[in-house]
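I am opening a notebook on this structure and will write down what I looked up, entry by entry.

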Amino acid sequence: MVSGEERAQGPRTPANAAAPALRAPFIARWDLDKTYLRTDFDTLRDLVRTAIERPDQKRTVPGAGSLLRELGRAGVETHILSGSPEQLRSRIEQKLRLDGARWASLTLKPNLQNILRLRFRALRGQLGYKLPALLQRRCELPSQRDASGALIREVLLGDDAEADAFVYSLYADVCEGRVTPLELGEVMRLGHAYDDTILDALRFASYVEKGPVVERILIHLDRQSSPSDFRIFGDRVVPFYNYLQAAFVLHEDGRIAAHAVLRVAQDLVVAHNFDSVALARSYVDLSRRGHVSGKGIASLEAAYGELAQRRAAGASDLGAMIAELTRLCSDLRPAVSRPHAAIDYRALAAGHNRRSKRGR
């Protein structure tokens, strides 16, 4: 895990001793705006305010900073990929440090360079920016496999404000070898990517060791989109309303410990006044959509028992959440595991491009 400055080395934090056996190494790739930071881009005034905000004025999405820190505790390597302009790098880095975040790389959009080169489509376009960047970062890993020879797995976090579910799913299928170079080039052309970015994506894709790299795609429903809007992408994509839902999923996947989940919940109830019973019911929401099965509840109960003995802040709220989770266990459905369906990326790219034009 890398701390502070991009590529600067920092100490790893060992996983909580009470956690189940966590698999490592593991990589988390985060979007920034509307996924980690509460950013508004709807008007010119919003854009100006975002550009001049001091680091301490930037707002973090409730629970996002807590989950990012817990991933760091578990030894997960975090890479941040954002559509924010490169000119905001110093302020973004300061904000991340204020939040106690640690990251291995921070990739920002070269908007000034795009303007100077008259590449105006690139200012709004995400496919031609994010996909080559994701593939490049994968290729830049010291090794794409762990010590046992297995491919290093990833979780991707984005939001519903742009095209994250589409771009992340395409990246996952490129890494898995499900998308041919011919199809990739066609999809990017339909998405109005520039020729040089298409060539970059094809080149980096050829260097990626193929296999099931992406384990989960977690999409923050910043705009309160319906989770059903994302069914086209299959079960790998998990839309979530709050960051405790994301933590529940990562816990059942064996990526973070039960204590980590409770610390995310503690942050939400203490710092952001979330209702503990509503948080418990958000687990049931995940279950009904087939993303969790209830297998992690016993370890959450055990972790809460330890926390309650220390009289931690928000312990009574967490107790109410655990009690409600236990009560609702009978309503939980088994997690659904369906075959990975083919995604028509050509149609999605063309449709996304039409929506982008209407937005302009």
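**Entry 1: Tyr243 and the aromatic rings.** I looked up Tyr243 in this predicted model, and I noted that Tyr243 counts as buried because its relative accessibility is 0%, where buried means under 20%. I then checked Phe240, which counts as buried for its part at 1% relative accessibility. Turning to aromatic pairs, I found that the structure holds five of them. The rings of Phe240 and Tyr243 make an edge-to-face pair, since their planes stand at 70 degrees, with the centres 4.9 Å apart, and an angle over 60 degrees counts as edge-to-face. I also looked at Trp30 and Tyr36, whose rings pair edge-to-face with 6.0 Å from centre to centre and 80 degrees between the planes. Both Trp30 and Tyr36 are buried. I asked myself which residues form one aromatic cluster, and the entry I wrote down lists Trp30, Tyr36, Phe240 and Tyr243.

**Entry 2: charges over rings.** I next looked for charged side-chain ends that sit over rings, and I noted Arg255, whose charged end sits over the ring of Phe26 at 3.8 Å from the ring's centre. I recorded Arg203 as well, with its charged end placed over the ring of Phe204, 4.6 Å from the centre of that ring.

**Entry 3: strand 4 and its partners.** I then followed strand 4, which covers residues 153–159 and is mostly covered, with six of its seven residues buried. Strand 4 runs parallel to strand 1 (residues 26–30), and five bridges join the two. Within this pairing I noted Arg29 opposite Leu156 of strand 4, and I noted Phe26, the residue whose ring lies under the charged end of Arg255, opposite Arg153 of strand 4. Strand 4 is joined to strand 5 (residues 214–220) by six bridges, and these two strands run parallel as well. In that pairing Val155 stands opposite Arg216 of strand 5.

**Entry 4: Leu286.** I moved on to Leu286, which is found in helix 12 (residues 276–288). Is Leu286 buried or exposed? I wrote down that Leu286 counts as buried, because its relative accessibility is 0%. Leaving out residues up to four places away in sequence, I found Leu286 touching Val238, Pro239, Gln245, Phe248, Val249, His291 and Val292. Leu286 and Val238 are 48 residues apart along the chain, and their C-alpha atoms are separated by 8.6 Å.

**Entry 5: Asp317.** For Asp317, which is found in helix 14 (residues 315–327), I noted a relative accessible area of 33%, so Asp317 is partly exposed. Apart from its neighbours within four places in sequence, Asp317 is in contact with Val269 and Ser276.

**Entry 6: the whole chain.** Last, I looked up the totals, and I found that the protein chain has 15 helices and six strands. Of its 360 residues, 55% count as buried. The accessible surface of the chain comes to about 16200 Å², of which carbon and sulfur atoms hold 51%. Among contacts between residues at least 6 apart in sequence, I noted that 76% join residues at least 24 apart.

Methods
Residues are numbered from 1 along each chain as its sequence is written. Side-chain values use heavy atoms; hydrogens and water are left out. Helices (H or I, at least four residues) and strands (E, at least two) are DSSP runs, numbered from the N terminus. Buried means under 20% relative accessible area, exposed over 50%, partly exposed in between (1.4 Å probe, protein chains only). Contact means heavy atoms within 4.5 Å. Accessible areas come from the Shrake-Rupley method with a 1.4 Å probe; for residues, only the protein chains shown count as cover. Two strands pair if DSSP finds at least two bridges between them. Rings of Phe, Tyr and Trp (its six-membered ring) pair if their centres lie within 6.5 Å; planes under 30 degrees apart count as stacked, over 60 as edge-to-face and the rest as tilted. A charge sits over a ring if NZ of Lys or CZ of Arg is within 6 Å of the ring centre and within 35 degrees of the ring normal.
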